[in-house]
Amino acid sequence: MKDTVLKHTLPNGLTILFQKAPYTASASIGVWIKLGSSLEEHNELGYTHFLEHMLFKGTKKRTAKEQAEEIERVGGYINAVTSREYTYFYVTLIKDRLELGLDILSDMVFQPLLREADIQNESAVIIEEMRGYEDSPDDFVYDFYFRNIFSGDSLGRDILGTRESISSVTEKSLKAFYKKHYTTDRMILSISSSHSEKEIINLAEKYFTEMRQVRSKKKNLPVGVDKSFSTNFTRRKLEQVNFLLGADGFARNLSSIIHLILFATIMGGGMSSRLFQKIREEKGLCYSINCFPSSYSRTGIVSVSCGTSKEKFEYCLESIMNELRLVKAEGFSKSELEDAKSNQIGAMSIGFEAPDQRMTNIALQEIYYNRYFSLKERTDAIKKVKIDDLQETIEKIFSIERLHFSGIGDLSKSTINRIDTSI
């Protein structure tokens with residue numbers, strides 16, 4: 001399958017990315033905006049996510065119901081994601097209806113109504129979404145964790161905002177936010193399908209040239225990001241204790257993300273991983289346990305998430321920490337590294353066949369690397385990783401005195417005081 005990316009910039013500054021996926025029956029389209037919750041001002045908390053919701057509330061051309069009906073009528077699906085550093089709206093549908101997807105996405109992004117009545121209604125919906133997160137311990141602890149480990153930086157803000165900020169959104173304030181940030185020089189139109197490059201350019205020019213380019217002023221964020229390797233706990237009457245441990249990490253680049261993913265794969269990336277085998281299979285201390293990296297433009301972290309009963313909590317935490325300390329002291333074996341490499345090469349190769357994963361991959365590479373690394377370049381980079389490279393990564397992420405801890409559950413104060421994450 002062809003592994004190149006067409007990159008074309010329209011006169012209004014919007015970037016088009018297209019990767020052909022021959023022999024596929026579906027097409028995937030995404031409109032990406034270089035705007036996430038970490039770029040919000042203090043009087044705009046939650047606006048990025050709020051605006052994402054509002055673009056599904058109808059346009060001058062379609063009602064909210066018609067937006068959904070036109071996609072679902074042809075068996076497609078439409079959704080959106082707000083993250084800390086970007087937002088995107090995406091459609092996947094049968095390739096013969098590519099133009100319909102482009103029409104609906106451009107209509108949503110360029111012509112949203114943003115009416116006061118809809119805003120007031122959606123404010124209530126988002127507050128209910130917040131309540132849902134707060135009532136779900138594994139969701140709550142994730143936000144709690146980010147709030148604590150990035151306590152001094154905008155990366156630590158809740159993507160949903162606060163009750164106060166969401167309740168105060170008005171038509172005027174949201175339209176001003178939209179006008180400031182939804183400019184075509186900050187947008188990427190990412191497409192993967194079996195169409196020709198000429199067809200893609202013609203359709204993109206038909207649907208994505210109507211908005212004038214406005215050079216948005218880039219917000220200058222601090223270069224360094226301080227992380228808090230502290231212990232934080234919220235006491236609540238729950239059946240389980242849900243918690244996250246946080247180690248150091250790196251800003252996103254190809255080399256660092258590969259090293260971190262290989263580390264996380266061996267440590268807690270699947271059923272054969274060290275933590276899953278030791279903590280769940282051998283000791284029966286939890287149902288699920290995971291290790292994963294989070295890398296951003298300025299920094300990164302490596303996290304371990306777990307849920308266990310309050311009776312087993314201390315033994316569970318001690319067992320996890322012992323596994324992490326063992327890795328810090330002895331590293332990984334060459335066979336573990338080779339298995340992790342083949343795992344990631346296999347996963348990337350499988351994903352390469354799906355238009356929706358291609359669409360996402362080329363957009364993320366443009367946002368973070370400003371270029372495209374082919375599947376071969378990425379697999380070659382994985383193959384080149386040596387055991388010494390992984391050992392260097394281990395030393396860097398565990399160069400702190402103790403790991404960050406954030407948890408929620410029904411623990412006594414004395415148990416909380418005994419939490420030991422020294423590494």
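**Exercise 1. Helix 1 against helix 4**

Task: Determine which residues of helix 1 meet which residues of helix 4 in this predicted model, and classify the packing.

Solution. 
1. On the helix 1 side, the residues are His-49, Phe-50, His-53 and Met-54. They meet Asp-118, Ile-119, Glu-122, Ser-123, Ile-126 and Glu-129 of helix 4.
2. By class, the contact of helix 1 with helix 4 divides into 4 nonpolar, 3 polar and 3 charged residues.
3. Helix 1 spans residues 47–54 and helix 4 spans residues 116–135; their axes are 10 Å apart, and the packing angle is about 120 degrees.
4. The range from 65 to 115 degrees counts as roughly perpendicular, and roughly antiparallel begins over 145. Helix 1 and helix 4 are therefore oblique to each other.
5. The crossing of helix 1 and helix 4 is right-handed.

**Exercise 2. Helix 10 against helix 11**

Task: Find the relative orientation of helix 10 and helix 11, then list the residues that make the contact.

Solution. 
1. Helix 10 covers residues 274–282 and helix 11 covers residues 313–330. Their axes come within 10 Å and cross at roughly 150 degrees.
2. Angles over 145 degrees count as roughly antiparallel, so helix 10 is roughly antiparallel to helix 11.
3. The handedness of the crossing between helix 10 and helix 11 is right-handed.
4. Helix 10 contributes Arg-274, Leu-275, Lys-278 and Ile-279 to the contact. From helix 11 come Cys-316, Ser-319, Ile-320, Glu-323, Leu-326 and Val-327.
5. Sorted by class, the contact of helix 10 with helix 11 holds 6 nonpolar, 1 polar and 3 charged residues.

**Exercise 3. Asp-410**

Task: Decide whether Asp-410 is buried or exposed, and identify the partner of its side chain in a polar contact.

Solution. 
1. Asp-410 sits in the loop between strand 11 (404–409) and helix 16 (413–417).
2. The relative accessible area of Asp-410 is 18%. The cut-off for buried is under 20%, so Asp-410 is buried.
3. The side chain of Asp-410 makes a polar contact with the side chain of Lys-310, at 3.1 Å.
4. Not counting residues up to four places away in sequence, Asp-410 touches Arg-236, Lys-237, Leu-238 and Lys-310.

**Exercise 4. Val-385**

Task: Locate Val-385, classify its accessibility and name its contacts.

Solution. 
1. Val-385 belongs to the loop between helix 14 (375–383) and helix 15 (387–397).
2. Its relative accessible area is 3%, so Val-385 is buried.
3. Apart from neighbours within four places in sequence, Val-385 is in contact with Ile-258, His-259, Leu-262, Leu-337 and Lys-341.

Methods: Residues numbered from 1 in each chain as written. Predicted model: local features only at pLDDT ≥ 70, side-chain atom pairs only at ≥ 80, totals over all residues. Heavy atoms only, no water. Axes fitted to C-alpha atoms, helices over the stretch in contact; angles between N-to-C directions. Helix = DSSP H or I, 4+ residues; strand = E, 2+ residues; numbered from the N terminus. Parallel < 35°, antiparallel > 145°, perpendicular 65-115°, else oblique. Left-handed = near helix turned anticlockwise from the far one by under 90°. Contact = heavy atoms within 4.5 Å. Nonpolar A, V, L, I, M, F, W, Y, C, P; charged D, E, K, R; others polar. Buried < 20%, exposed > 50% of the residue type's maximum accessible area, 1.4 Å probe, protein only. Polar contact = N/O pair within 3.5 Å; in protein donor to acceptor, adjacent residues only side chain to side chain.
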